[in-house]
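Keep the sequence and the 3D view open while you read.

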Amino acid sequence: MAKKNFDDQCDFKQSLGKMISCLRQSQNLSLRQFAKLIDIPPSNISYIEKGINAPSPEIYARIVETLSPNMQKQQEMDMYYCRIRKIPPPDVCKILLNTPELREKLRLLNNVQLSSSQLESIETLFSTFKQI
């Protein structure tokens, strides 16, 4: 059973790495240029793109900020990142860290599985906050 979990982790790291590599190349950034922009050695980004290593939260945040993927790509990247690291993406963590009251409200869910309509209601509510 643990072997399957390990295989999944490898698959997620490889998928995330491929997405990062494709986005980098689509912006005509060399590995060295990209590494310099996110302030890590080129070998580190190479290991990430090959799926050998997973980015730390800080590096992942800089990768997303630098590559500016569209919403769909970022959601896919976030899904892989979350599966690898078992934590929310850095931007979500920042919201939770900066808004302790929100953490308490989320705990009210108490492991409830939200329906699609409930998630749509939450999305509608959250979108109103940007308009204020």
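How many aromatic pairs does the structure hold? There are three aromatic pairs in it. One of them joins Y60 and Y81: the ring centres sit 4.2 Å apart and the planes meet at 10°, so this pair is stacked. If you wonder what those two values are for, a pair of aromatic rings is described by the distance of the centres and the angle of the planes. To find this pair in the 3D view, look for Y60 in helix α4 (residues 57-67) and Y81 in helix α5 (residues 71-85). The two residues are 21 residues apart, and their pair links distant parts of the chain. Are Y60 and Y81 buried or exposed? Both Y60 and Y81 are buried.

**The overall picture**

Before going further, keep in mind that this is a predicted model. The secondary structure comes to eight helices and zero strands. The C-alpha atoms fill a box of roughly 45 × 45 × 25 Å along the principal axes. Out of 132 residues, 28% are buried.

**The largest pocket**

Now for the largest pocket, with a volume of about 1100 Å³. It is lined by 22 residues, and the ones closest to its centre are D91, V92, I95, I122 and F126. Which elements give two or more residues to the lining? They are α5, α6 (90-98), α7 (100-107) and α8 (116-131). Helix α8 has the largest share, giving six residues to the lining. Sorted by class, the lining has 14 nonpolar, three polar and five charged residues.

**What about the cysteines?**

How many disulfides are there? The count comes to zero. Take C10: the nearest cysteine sulfur to it belongs to C82, 18 Å away, and C10 is in no disulfide. As for the surface, C10 counts as partly exposed, with 22% relative accessibility. C93 is partly exposed as well, with a relative accessible area of 22%.

| Residue | Relative accessibility | Class |
|---|---|---|
| N28 | 67% | exposed |
| K86 | 57% | exposed |
| E65 | 64% | exposed |
| M19 | 11% | buried |

Start with N28, which lies in the loop between α1 (2-26) and α2 (31-38). Its phi is near 55°, a positive value in a residue other than glycine. N28 is 32 residues from Y60 along the chain, and the C-alpha atoms of the two are separated by 19 Å.

K86 also sits in a loop, the one between α5 and α6. The phi of K86 is near 60°, again a positive value in a residue other than glycine.

Next, go to E65, in helix α4. Follow the sequence from I38 to E65 and you cover 27 residues, while in space the C-alpha atoms are 9.0 Å apart. Why does E65 count as exposed? Its relative accessible area is 64%, and exposed means over 50%.

Finish with M19, in helix α1. Why does M19 count as buried? Its relative accessibility is 11%, and buried means under 20%. Which residues does M19 touch, leaving aside those up to four places away in sequence? They are K73, E76, M77 and Y80. M19 and R85 are 66 residues apart in sequence, with 17 Å between their C-alpha atoms.

Key. Residues numbered from 1 in each chain as written. Predicted model: local features only at pLDDT ≥ 70, side-chain atom pairs only at ≥ 80, totals over all residues. Heavy atoms only, no water. Disulfide = S-S within 2.5 Å. Buried < 20%, exposed > 50% of the residue type's maximum accessible area, 1.4 Å probe, protein only. Phe/Tyr/Trp six-rings, centres within 6.5 Å; stacked < 30°, edge-to-face > 60°. Helix = DSSP H or I, 4+ residues; strand = E, 2+ residues; numbered from the N terminus. 1 Å grid on protein atoms, 1.4 Å probe; cavity = no way out; pocket = protein on both sides within 12 Å on 5 of 7 lines; lining within 4 Å. Points joined across faces, edges and corners; volume = space filled by probe spheres on them. Nonpolar A, V, L, I, M, F, W, Y, C, P; charged D, E, K, R; others polar. Contact = heavy atoms within 4.5 Å.
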